[in-house]
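Please keep the sequence and the 3D view open while reading.

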Amino acid sequence: MIVDLWHVGLVVSDIERAIAFYRDALGLELRHRQDQANPYTASLVGYEDASLRIAQMRLPGAERGRSGHLVELIEYVNPAPDQVEAVRARVGAGHLALQVTDIDALRSRLEAAGAVLVNEPVAITAGINTGGRAVYLTDPDGITLELVQPPAVQLVAPVAG
Amino acid sequence: MSRDLWHVGLVVADLPAAIAFYGLLGLEVRHVQDESSPYTGILVGYPGAHLRVAQLRFAEGRHGRSGHILELMQYLSPQPDRVETVNARIAAAHLAFEVDDMDALRGALESAGATFLSDPVAITAGVNSGGRTVYLRDPDGFTLQFVEPPPARS
């Protein structure tokens with residue numbers, strides 16, 4: 001059975017640039033780095049002679065699972081990674097959504113670091129997060145991120161009695 | 001500042017099938033809603049977008065403020081495209097779960113359409129040395145990873 005989330009892994013083109021983006025712009029902390037070029041890694045990812053550079057990033061102050069990190073950034077040194085156009089309406093496409101406190105301040109920092117907004121932040125006017133705000137953006141590698149600023153007073157179910 | 005994870009979102013071809021698959025992993029539906037209001041079209045970047053969304057959470061375990069960990073999204077409009085999944089692809093994502101017995105999960109997941117990339121491998125180097133791990137693809141081609149941490153780790 002699943003015990004907990006371990007991490008979300010993201011393949012990036014340049015580990016140094018990605019660390020700078022996820023740390024300095026988004027506010028995650030670098031927890032650990034390692035290079036992986038060994039038989040178990042090759043079997044795991046399915047490429048003979050795979051060589052990866054890994055950075056584990058964590059959220060400061062947030063509850064952490066046993067893995068100790070939330071995001072795994074991966075640069076493939078070998079094989080050379082390919083790249084396709086990012087399409088959000090694509091079966092198998094993923095996005096990483098983060099809860100934020102100030103969507104406007106953060107979007108400016110991310111744009112300055114090379115992120116591109118899909119559109120301006122929107123007010124959530126329907127559904128269970130009504131009253132909040134959200135925006136989709138792509139990081140410098142085309143990874144889709146979502147920033148969610150929850151409603152100031154999130155509705156909770158009435159308590160019986 | 002980023003305070004917490006809100007969710008990981010996955011675009012799926014068939015929402016009921018995906019809910020059933022992730023149910024095998026112990027994730028339960030918290031909420032299902034259709035999203036076709038103007039704000040959704042702006043958010044996802046497709047005017048007139050119509051999505052059917054399911055929020056899933058661990059039956060037991062932590063929930064952030066969002067109340068869910070996984071958002072499964074079926075695009076009713078526009079028609080989603082599909083490409084072959086490649087691990088060594090810029091912007092490729094995978095979702096890794098800590099599990100307590102990956103061998104026990106395997107049979108049921110394969111019967112439900114999952115494909116394991118290899119047998120579980122022993123982690124012989126790095127910070128999780130002593131654990132076991134495996135990559136697999138869900139029925140929509142999204143890459144999942146299972147990690148059994150080393151027993152000594154706490």
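A residue is called buried if 20 or more other C-beta atoms lie within 10 Å of its own, exposed if 12 or fewer do, and partly exposed in between, with C-beta atoms placed from the backbone. A nonpolar core is a set of buried Ala, Val, Leu, Ile, Met, Phe, Trp, Tyr and Cys residues joined through C-beta atoms within 7 Å. The model discussed here is predicted: local features need pLDDT of at least 70, side-chain atom pairs count only at pLDDT 80 or more, and totals for chains, interfaces and linings use all residues. Residues are numbered from 1 along each chain as its sequence is written, while chains are lettered from A and ligands numbered from 1 in the order in which they are written.

The largest nonpolar core has 81 residues, and those with the most contacts inside it are L10(A), L73(A) and L72(B). Helices (H or I, at least four residues) and strands (E, at least two) are DSSP runs, numbered from the N terminus. Among these elements, β1(A) gives the most to the core, with seven residues. In soluble globular proteins, nonpolar side chains tend to be buried together.

Two residues are in contact if their C-beta atoms, placed from the backbone, lie within 7 Å. Leaving aside neighbours within four places in sequence, L72(B) is in contact with L10(B), V12(B), L15(B), A18(B), I19(B), Y22(B), A54(B) and L56(B).

Chain A as a whole contains three helices and nine strands, arranged along the sequence in the pattern β-α-β-α-β-β-β-α-β-β-β-β. The C-alpha trace of this chain spans about 60 × 40 × 30 Å along its principal axes. Of the 161 residues of chain A, 42% count as buried. Among the contacts in chain A with a separation of 6 or more, 56% are between residues 24 or more positions apart.

Seven bridges join β1(A) to strand β5 (residues 93–99) of chain B, and the two run antiparallel. The bridge partner of I2(A) in β5(B) is V99(B).

Within chain B, helix α1 (residues 15–24) has A18(B), F21(B) and Y22(B) buried. These residues lie on the same side of α1(B) because they cover an arc of only 90° around the axis, the arc being that of the directions from the helix axis to the C-beta atoms. The cover over the buried residues of α1(B) includes β1, β2 (27–35), β3 (50–58) and β4 of chain B. Just after α1(B), G26(B) takes a positive phi of about 95°.

Further along chain B, strand β8 (residues 132–137) pairs with several strands. Two antiparallel bridges link β8(B) to β6(B), and T115(B) has R137(B) as its bridge partner there. T115(B) is found in strand β6 (residues 115–116) of chain B. Is T115(B) buried or partly exposed? T115(B) is partly exposed, because 13 other C-beta atoms lie within 10 Å. Leaving aside neighbours within four places in sequence, T115(B) is in contact with L136(B) and R137(B). The C-alpha atoms of T115(B) and P139(B), 24 residues apart along the chain, are separated by 7.7 Å.

Strand β7 (residues 121–122) of chain B also pairs with β8(B) in the antiparallel sense, over two bridges, and V121(B) stands opposite T133(B). Six bridges join β8(B) to strand β9 (residues 143–148) of chain B, again antiparallel, with E148(B) as the bridge partner of R132(B). The hairpin of β8(B) and β9(B) has five residues between the strands, and G141(B) takes a positive phi near 90° in it.

Terms used. Pairing = 2+ DSSP bridges.
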